[in-house]
Amino acid sequence: MSTYKELLFDRSFVNGKWTNQGTGKFDVKNPFDLSVIGQVHDEDRTFVGKAIDVAHAAFRSWKSKSAKERSAILLKWFDLIHQHKDELAQIMTLESGKPLAESKGEIDYGAAYIQWFAEEAKRNYGDVIPGFTADKRIITLKEPVGVVGAITPWNFPLAMITRKIAPALAVGCTVVVRPSEETPFTALAINYLADLAGFPKGVYNTVVGTDPSEMGKELCENKKVAKISFTGSTKVGKILMSQSANTLKKLSLELGGNAPLIVFDDADVDLAIKGALGGKFRFGGQTCVCVNRILVQEGIHDLFVEKFTAAVKKMKLGSGLDTDVNIGPLINQRAIRRMEEMTEDAIAKGGKVLTGGKAVAPQFFEPTIIIDANESMEFAQNEIFGPIAPIFKFKTEQDAIRMANDTVYGLASYFFTNDLNRSWRVREQLEYGIVGINEGLISSEVVPFGGVKESGQGREGSKYGLDSYVDIKYVCIGGVL
Ligand code: SIN
């Protein structure tokens, strides 16, 4: 493969081939300069229904393969993704705006889920349970749930797909992926590589279109789908949950966050700055584990603010393809407007902008620090999903814990301290699925990723990641005398 263009495909992949139903197409734009990267056929709800039929028909034979056979195909897919890392990174950067180094990092991260679950699926063990009478023998088996609908976001065009479908495919489920219409090219390119790796027809399908609500509705309401795995907003997660109620689908929901990062007086300030920079500005703040609120204790506040501001002022905005750029464009104009509104709201309520605070044409927002943040400001309760870092001052440990937990969300949280006892106390009281202590970057295929409260349900990655894609079947053998 010589150029990324050879990995750009313009239609959905269903039943082992490039397929379109209608003739309508939509533009996929580069958020850096709003130029058109290419067009893709725009499919609707009925098309999704057909892809589900195909995945359903393919299920029986895929699940009958041995774990070892499935694993070998997954590992081949993993290798192909690595072989095409440069082209995939370029596609990802073009359609998402992500700096190239981060795109390459995402490819390593996303591919790692494939390798991990290719191995884990071989250890999808059941149990032998002592019989409850002398003539009984009891075993449990873990069986694939069936067809999985994966609904994935634009902020991780590759990793959010592999994190969901690698465990599903590894245990014998078949999948229909509905990627974001902002980033379809990465999704189609990896489906192509999966086809080269040898997945049988109908096992892995990708449907692309611009009507997420109708496409999602089909996945949720169709009886042939056993499970939905979704990453996106809490608002949409709730809609999908209610649409899935009638068929009692299994659900994995990885939803919004409002991550606090707490810096205690006893913290190593340089480590805290490093954590805050990584945790806040990864992909320009557009991840659901990105730091939303920085809470700094009064004794270290001024030093932290001074050093953090100096570091943020050095960040460079620009095209993700330029290697010295740290912050690319935001995904769309709605995101820019949201940054402007949050900044205006904070200023009106007493916040002071120390750096940044403005949109830059066509689709950038400067990395921004707002001090004197308070709990009446919009970002105290709502996810920013952009490069604004609000700093709240606090007095006591109990204040920090109360402020950190004062949200409906419970995905990621972070804190910095050198006090061993405090590290245990605070960790125990944070109402979050993920806690980073003296660390701002917590994602990996080996860990269980997921939230509590309105941040969702289920865990992705790690030894727990297979659980969401299997049913436990209990078998009782009687009359054994
Ligand atoms: C997300 O933003 O949805 C995922 C972030 C991650 O995997 O680190």
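An oxygen atom of the ligand sits 2.4 Å from an N or O atom in the side chain of Ser-443, which makes a polar contact (a pair of N or O atoms within 3.5 Å). Taken alone, the ligand exposes 250 Å², and the protein buries 100% of that; these areas come from the Shrake-Rupley method with a 1.4 Å probe.

Before going on, keep in mind that this is a predicted model, where local features need pLDDT of at least 70, side-chain atom pairs count only at pLDDT 80 or more, and totals for chains, interfaces and linings use all residues. Residues are numbered from 1 along each chain as its sequence is written, and side-chain values use heavy atoms, with hydrogens and water left out.

Back to the ligand. One of its oxygen atoms is 2.8 Å from a polar backbone atom of Cys-288, and an oxygen atom of the ligand is 3.3 Å from an N or O atom in the side chain of Glu-254. There are 13 residues around the ligand, and those that come nearest include Cys-288 and Ser-443; a residue counts as near if one of its heavy atoms lies within 4 Å.

Now for the chain itself. The unreviewed UniProt entry annotates residues 18–475 as "domain: Aldehyde dehydrogenase", and such annotations may be inferred rather than shown by experiment.

Two loops are worth a look. Leu-34 lies in the loop between β3 (25–29) and β4 (36–41), with strands being DSSP runs (E) of at least two residues, numbered from the N terminus. Its phi is near 65 degrees, a positive value in a residue other than glycine. Further along, Pro-362 is in the loop between β15 (359–360) and β16 (364–365), and a cis peptide bond joins Ala-361 to Pro-362, with omega about -5 degrees.

How values were computed. A polar contact is a pair of N or O atoms within 3.5 Å; within protein, one must be able to donate a hydrogen and the other to accept it, and residues adjacent in sequence count only if both atoms are side-chain atoms. Helices (H or I, at least four residues) and strands (E, at least two) are DSSP runs, numbered from the N terminus.
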